[in-house]
Amino acid sequence: MEEFKLLLISAERLFYNGPCVSLIIPAFDGSWGIMAHHAEMVTALNPGELRYTVGYNTKCNTFKFFK
């Protein structure tokens, strides 16, 4: 699997800036799965859980956010 650069930011701070293999986000229109070579995008997120995998391990990192 290929990696892509993931940048997670909010108006207050930087949460993560680094490599990522896969990403699942709670977008305003449903959950989206994203992998390398996905079309670039900017979207609004719903409160919930964002999951991303770093490197080639199977551990999934979780970031929970709320309004």
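## Model and confidence

For the chain, the mean pLDDT is 83, with 88% of its residues at 70 or more.

This is a predicted model, in which local features need pLDDT of at least 70 and side-chain atom pairs count only at pLDDT 80 or more, while totals for chains, interfaces and linings use all residues. Residues are numbered from 1 along each chain as its sequence is written, and side-chain values use heavy atoms, with hydrogens and water left out.

## Aromatic pair

One aromatic pair is present in the structure. Tyr-16 and Tyr-52 form this pair, with 5.0 Å centre to centre and 40° between the planes, a tilted arrangement. Rings of Phe, Tyr and Trp (its six-membered ring) pair if their centres lie within 6.5 Å; planes under 30 degrees apart count as stacked, over 60 as edge-to-face and the rest as tilted.

Because Tyr-16 lies in strand β2 (residues 14–20) and Tyr-52 in strand β5, the pair ties together parts that are 36 residues apart in sequence. Both Tyr-16 and Tyr-52 are buried (under 20% relative accessible area, with exposed over 50% and partly exposed in between; 1.4 Å probe, protein chains only).

## Nonpolar surface patch

A nonpolar patch on the surface consists of Met-1, Met-35 and Tyr-56, which together have about 400 Å² of accessible area. Areas come from the Shrake-Rupley method with a 1.4 Å probe, and for residues only the protein chains shown count as cover. Patch residues have over 30% relative accessible area and no salt bridge; like charges are joined within 9 Å, nonpolar side chains (Val, Leu, Ile, Met, Phe, Trp, Tyr) within 5 Å. A salt bridge is a side-chain nitrogen of Lys or Arg within 4 Å of a carboxyl oxygen of Asp or Glu.

Met-35 belongs to strand β4 (residues 30–35) and is partly exposed, at 44% relative accessibility. Tyr-56, in the loop between β5 and β6, is exposed at 58%. Leaving aside residues up to four places away in sequence, Tyr-56 touches Met-1, Glu-2, Glu-3 and Val-21 (contact: heavy atoms within 4.5 Å). The C-alpha atoms of Tyr-56 and Val-21 are separated by 7.2 Å, and the two residues are 35 apart along the chain.

## Backbone at His-37

His-37 sits in the loop between β4 and β5 (48–53) and is exposed, at 68% relative accessibility. Its phi is near 70°, a positive value in a residue other than glycine. Most residues other than glycine have a negative phi.

How values were computed: Helices (H or I, at least four residues) and strands (E, at least two) are DSSP runs, numbered from the N terminus. pLDDT is the predictor's confidence in each residue, from 0 to 100.
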